Amino acid sequence: MEPISRVQAAQTVKRPNRGLSRGLTFLIFLCVFFGVGGLILNQTVLKESFTQEQLQKPETLTTVTNEINVMLLDAAQKNGLPQSVQVKMLTESNVQTDLKTTVTNIYAGKANPLDTDQVISQMAGHLTTAIPGSGLLKSLVTTAVAAVQAPVKTYLETEIQTPYLTTLASEMKTVKMVVSIMMWVAIIMGIVLILVQFAISQHFKIVFGSLGAAFAWAGLLLWLLTAIVKYSGLIAEVAQRAGNFSQIVTNYGLGVLAVASQFSLIGLVAGAVVWLLAKLIPQRG
């Protein structure tokens with residue numbers, strides 16, 4: 001019988017501890033899945049600049065400005081402002097500034113993210129432009145403008161600040177901490193498992209094969225989950241609860257999914273390439 005070549009001999013080497021190696025590959029896959037998942041969250045909903053960019057879009061600012069003006073004018077008229085006074089309570093520039101400040105405060109975890117004093121000051125400035133030039137009506141409107149400021153501030157505090165923004169700021173702080181811990185635990189555990197895989201197998205081919213497979217499967221699963229959320233109508237269902245702000249919620253959700261899809265595909269392709277390259281590495285005994 002002719003002696004077999006080195007390549008043939010390498011191919012006949014059996015993978016040591018095959019069951020344990022596959023178990024480690026599965027654990028590495030879980031670490032990659034949660035690690036990349038945490039990274040996606042940190043680059044989207046938990047990243048202030050991402051949210052600022054989404055909310056500073058022209059169509060978003062127009063919608064928010066219109067809705068806030070309707071809300072504030074209604075609150076002011078219920079507290080004594082004459083029905084004859086029809087004026088924009090806030091301009092789009094005001095809303096842009098207020099949104100930016102509020103979002104920054106939410107991500108910083110501040111108890112009162114919305115600067116209600118600033119909003120009232122802006123509102124009062126615009127209301128004064130609607131005060132007639134002279135006569136009894138001027139006196140009445142001036143008095144009404146001064147009188148509605150405190151009730152409108154109370155409205156902002158009780159209807160928007162406390163039930164929504166303060167809660168969101170508190171939850172944001174907690175979620176950021178939990179996701180950060182999850183991501184770093186996954187990364188550290190993944191590195192440890194890779195070292196264990198190498199210690200057991202003593203083959204770079206097996207280590208790179210496991211790592212590539214873990215990234216490819218994690219990327220594929222994340223991509224599939226992203227596609228399911230995008231095409232299942234889940235975003236539209238959640239957005240409906242936002243009422244007149246539904247389109248803003250929809251656009252924000254689609255922006256998050258776009259980033260998630262990109263990260264998932266990068267993981268899938270990179271993992272597949274590493275796995276294929278590992279197959280080309282001769283396994284030596």
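Contact here means heavy atoms within 4.5 Å of each other. The structure before you is a predicted model, in which local features need pLDDT of at least 70 and side-chain atom pairs count only at pLDDT 80 or more, while totals for chains, interfaces and linings use all residues. Residues are numbered from 1 along each chain as its sequence is written, and side-chain values use heavy atoms, with hydrogens and water left out.

I begin with A76. This residue lies in helix α4, residues 58-78; helices are DSSP runs of H or I, at least four residues, numbered from the N terminus. A76 has a relative accessible area of 0% and is therefore buried, a term that means under 20% relative accessible area with a 1.4 Å probe, protein chains only. Setting aside residues up to four places away in sequence, A76 touches L81, M89, V148 and V152.

G38 counts as buried because its relative accessibility is 0%. Beyond residues up to four places away in sequence, G38 touches V179, M182 and M183. G38 and S180 are 142 residues apart in sequence, yet 7.0 Å apart from C-alpha to C-alpha.

Finally, T102 belongs to helix α5, residues 92-108. Its relative accessibility is 9%, so T102 counts as buried. The T102 side chain reaches the backbone oxygen of D98 at 2.7 Å. With residues up to four places away in sequence not counted, T102 touches P113, L114 and L165. Thank you.

Definitions and conventions. Helix = DSSP H or I, 4+ residues; strand = E, 2+ residues; numbered from the N terminus. Buried < 20%, exposed > 50% of the residue type's maximum accessible area, 1.4 Å probe, protein only. Polar contact = N/O pair within 3.5 Å; in protein donor to acceptor, adjacent residues only side chain to side chain.
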